[in-house]
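Open the structure in your viewer and keep the selection tool at hand. The stops below follow one another, and each says what to select and what is there.

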Amino acid sequence: MDNILSYSIFLFMYLMIVVLIWWGFFGYLLLLLFFSIFTKANGRIKKIDNYPFITIIIPCHNEESWVDKKVGNLTEIDYPKDKLEIVFADGNSKDQTVEKIEAKIKDIPYMKVIQTGCKGKIQQINCILQNTQSDLIINTDMDTVLQKDTVEKLVKEFEDPDVYVVGAYILPNTSLDIEKQYWENQNNFRVLESEVYSASIVIAPCYAYRRQLLSSFPEDCVADDIYVAYLANTIGKRSIYLKDATAYEERTPSTFAELLSHKFRKANAFIIEQLRFIYMLPRMRNRWKLIFLSKLLQIIFMPWLLIAYFLSTIILLVDEMDFATGSFELGIGFYFVIGALIFLFLSFLVCHLLVERRRTYFIDLRYKRRSNLAIFLLVNLILFIAGISYPFYTQTSNYSKVQ
């Protein structure tokens with residue numbers, strides 16, 4: 001680059017790319033870790049003064065193989081049965097789902113099954129929402145196993161009037177180590193966001209929310225767990241990802257191909273729900289605005305920034321080459337590249353050490369931890385593909401489940 005001005009602009013752009021990458025991977029995490037020092041962990045509410053009436057909604061479609069386990073699990077919930085309503089929302093099942101549920105719950109007065117006449121998780125949930133007067137709603141999946149005290153712990157958090165959404169701490173029943181490591185990392189991150197201010201999302205297998213938050217989900221919503229947290233945070237309320245309330249997702253990808261398909265669908269859904277709220281950015285509280293923009297950077301822009309970073313690094317290094325003599329000159333571009341690498345590597349080490357110090361505060365998945373490098377590459381590859389295909393790929397809340 002012979003033109004000094006052009007070279008200076010290129011170096012400035014390179015520096016901005018490095019800063020954005022640093023913020024997306026390390027800066028945001030370091031900020032959360034810093035502020036977590038001055039905040040109390042969630043789960044601080046010790047008792048419920050007055051148990052509210054709650055409705056648990058379980059959307060189901062062709063789930064006959066899960067009926068026995070789900071109903072059995074729900075009967076073990078530690079919550080006053082006179083304050084509890086459990087509704088199975090069937091979406092035109094073609095198997096024996098409805099018949100099996102009716103047979104299992106015939107002597108359980110607080111459980112019922114409703115044939116919604118519609119197919120699709122969002123439509124099934126909306127059907128029940130329009131016909132319930134409960135102050136608190138819990139959405140959970142057929143393949144999710146709750147601990148006995150999970151529901152009560154979720155409800156306790158609503159003693160805080162600013163809390164509008166509470167998600168259970170979801171653990172996957174999977175044989176894929178990379179999936180286990182991914183969930184552990186994401187769980188830790190959501191809990192940290194909750195401790196500092198508000199979790200960016202909760203997870204679909206089990207979460208609770210105030211009925212006043214919404215009368216129904218949008219018909220085009222594809223990720224109710226992302227939507228409900230984003231909505232609460234955008235109107236100035238809080239979402240909590242509760243490390244003390246555990247639920248287990250039993251139906252998870254068992255092969256790498258299933259994992260890729262599942263992660264791609266979730267990445268696409270995240271992009272859809274992120275962009276849904278972007279027009280409300282000026283009205284967001286500053287703390288949520290920071291989280292929202294950081295998620296926008298991580299989910300939508302980060303794969304492209306990584307490509308720009310690697311290409312610009314190559315350009316800077318090639319520019320140092322004298323092809324006539326085959327020599328390599330250590331110019332300012334070379335030092336920019338080395339400085340950026342050292343900066344990013346040191347940031348990684350600091351984050352790794354700080355997160356490891358906190359790890360004992362989280363539920364142990366009891367497996368041998370694998371390298372995060374594979375997760376890093378996989379996640380960014382999927383986000384890149386999801387971003388490229390976003391204008392051409394359409395999904396709904398009605399999709400084939402992992403069997």
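Start with Cys60, which counts as buried because its relative accessibility is 2%; buried means under 20% relative accessible area, exposed over 50% and partly exposed in between, with a 1.4 Å probe and protein chains only. Next select Cys118, which is in no disulfide: the nearest cysteine sulfur, that of Cys127, is 5.3 Å away. A disulfide is a pair of cysteine sulfur atoms within 2.5 Å, and by this rule the count is zero. Cys118 is buried too, with a relative accessible area of 19%.

This is a predicted model, in which local features need pLDDT of at least 70 and side-chain atom pairs count only at pLDDT 80 or more, while totals for chains, interfaces and linings use all residues. Residues are numbered from 1 along each chain as its sequence is written, and side-chain values use heavy atoms, leaving out hydrogens and water.

Now show the strands. Helices (H or I, at least four residues) and strands (E, at least two) are DSSP runs numbered from the N terminus, and two strands pair if DSSP finds at least two bridges between them. Eight strands form an open sheet with mixed pairing, in the order E3-E2-E1-E4-E7-E6-E8-E5. E3 (111–115) and E5 stand at the edges with a single partner strand each, so one side of each has no neighbour in the sheet. On average, neighbouring strands of this sheet are turned by 30° against each other, direction ignored.

Select E6 and E7 (residues 206–210): three bridges pair them in the antiparallel sense, and Gly167 stands opposite Tyr207 in E7. Contact means heavy atoms within 4.5 Å; axes are lines fitted to C-alpha atoms, for helices over the stretch in contact, and angles run from 0 to 180 degrees between N-to-C directions.

Move to E8 (residues 238–249), where 10 of the 12 residues are buried. Nine bridges join E8 to E6 (residues 163–172) in parallel, and three join E8 to E5 (residues 144–146), antiparallel.

Which residues stand opposite Glu249? Thr144 does, and Pro172 is also a bridge partner of Glu249. Glu249 is buried, at 13% relative accessible area. Among the residues that Glu249 touches are Asp143, Trp183 and Pro205. Finish at Asn173, 76 residues from Glu249 in sequence but 5.9 Å away in space, C-alpha to C-alpha.

Conventions:
Lists of a residue's contacts leave out its neighbours within four places in sequence.
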